[in-house]
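I opened the notebook to record, step by step, what I looked up in this structure.

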Amino acid sequence: MAAILLRNGDVIDGTGSAPQRSTSVLTDGDLIVAVGPDADSRAAARAADVKVIDAAGLTVMPGLIDAHVHVTLGEPASNDELFNRREPISAALLAAHNARKILRAGVTSFLDVDGLFNIGPALRDAIEAGVTEGPRMKSGTYALMTAVGGTAGRMIPNEGTAGYAEVVRNKDEMIRVVRRQVKDGADIIKIHVTGLIPARKGEIQVWTREELKVVCDTAHDLGVRVTAHSRGDQATLDCALAGVDIIWHGSFLGERALEAIVERKVTVGPVFTFLANLAEYGAKAGATTGAQAVFAGEMEETGARLRRAYNAGVPLLCGSESGFSITPYGNWHAREMEVFVNQLGLSPLEAIACGTSTNAIALDQKGEIGVIAPGAKADILVLEGHPETDITVLGDKSRFRHLLSRGKEVDLTPIPDRSPLRGERVEAWSAVPLTWELVHP
Ligand SMILES: [Zn+2]
């Protein structure tokens, strides 16, 4: 049956408007065709081929969009695991498995920012072709790095690829690799603008503004956008001036960077979820970074500046950084909206707008996805609870009653737990060194 009437639900349209109580939504194929009394009358006129779902007392809203996912990483607990314990075919099979988990968390679209072995574009195409089930997807491939690296220290090689990284050694190579990535199917080019250097504190800018501009100009000439991991004030300023389309983190940005972002209306996604999970729940998972206080400070300082950017009309994206052991697939995709409420002081409806209609920017599909409106794609979440007053209900999958993806109902039965694949995890000989004193206390 191609048409579905969601009858008399409380509709949150994703634009930030107040819920419309007892309102129907009619879909036909992959489109929403009517909202309100028009939906009821059009459904009545063709009753024979419309499936009716009673949504009375339930919230009807756009399927969630996650603007920052790494679907191919496979939830590593460390960089050692990520860089040394992955091989292409298992990683691809696992990514397809995990895309189904993401869908069942109410996420009907996501941007895969960067990942392993060029799997992202292939998974996107396989989902689109109906080969495997998953949300709508746009994808980057390897993250461009200079040989200084990103957040994996010395695991980044001096040239070539490793993990999600591809090292570009000079401007010619930047041009060549961007062109190859576009040929390989990248929807977006990712740059790691700041990186960690052993023995130095914080993330250091490892690209010049001129180099960033080379990547941006090359990609833009081919109609492809550029996105950047940037932790640091000068780095974020240089991203904005070089023409980066979406900046991730933006941590510790200062007044000049803020001004440049506001003036150019550069889209920013703070991706606080990873930090928030570590800071608030890390102990429950035995996290060992010891950086909890630093993360709390980063969220507070950066959050205050980003709130000013939001007030000035800068689009803020909600991304979960799903793909690590701190952010396993299917669990935390709605968490960033909660952090936006707590850290940025947004209302739940404003945060929902960020996580739906604004997040459509991540896939370059603004107006097409992330809204309940005639003509928009038929991606719809129906749940018990009132996210307009309690945003946390969006993280609770047990409340989900129906999910439409491309106009079809998704089976919301949870995906069973799996066992580790052979060779997937780092193995240790012992948890602590077996010293003589340990044996002879
Ligand atoms: Zn990321």
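Before anything else I wrote down that buried means under 20% relative accessible area, exposed means over 50%, and partly exposed lies in between. I also noted that I am working with a predicted model.

**Entry 1: the zinc ion.** Which residues coordinate the zinc ion? I found H68 and H70, each through NE2, together with E321 through OE, at 1.9 to 2.1 Å. Along the sequence these donor residues follow the spacing H-x1-H-x250-E. I then looked up the two histidines and noted that H68 is buried, as is H70.

**Entry 2: strand 16.** On one side I listed strand 15 (residues 225–231), which pairs with strand 16 in the parallel sense over five bridges. Within this pairing, H229 has W248 of strand 16 as its bridge partner. I also listed strand 17 (residues 267–269), which pairs with strand 16 in the parallel sense over three bridges, and here W248 stands opposite G269.

How are these strands connected? Strand 15, helix 7 (residues 233–242) and strand 16 make a right-handed β-α-β unit. Strand 16 then takes part in another right-handed β-α-β unit, with helix 8 (residues 255–264) and strand 17.

**Entry 3: aromatic rings.** How many aromatic pairs does a search of the whole structure find? I noted three. One of them is formed by F274 and F324, edge-to-face, with 5.6 Å from centre to centre and 80 degrees between the planes. This pair links distant parts of the chain, since F274 lies in helix 9 (residues 273–281) and F324 in the loop between helix 10 (292–311) and helix 11 (335–344), 50 residues apart. F274 is partly exposed because its relative accessible area is 21%, whereas F324, at 18%, is buried.

**Entry 4: M299.** Leaving aside neighbours within four places in sequence, I listed F272, L275, A276, A279, V339 and Q343 as the contacts of M299. I also looked up R264, which is 35 residues from M299 in sequence and 23 Å away in space, C-alpha to C-alpha.

Conventions. Residues numbered from 1 in each chain as written. Predicted model: local features only at pLDDT ≥ 70, side-chain atom pairs only at ≥ 80, totals over all residues. Heavy atoms only, no water. Donors = N, O, S within 2.8 Å, 3.2 Å for Na, K, Ca; no water. Buried < 20%, exposed > 50% of the residue type's maximum accessible area, 1.4 Å probe, protein only. Phe/Tyr/Trp six-rings, centres within 6.5 Å; stacked < 30°, edge-to-face > 60°. Helix = DSSP H or I, 4+ residues; strand = E, 2+ residues; numbered from the N terminus. Pairing = 2+ DSSP bridges. Right-handed = clockwise from strand over helix to strand, strands pointing away. Contact = heavy atoms within 4.5 Å.
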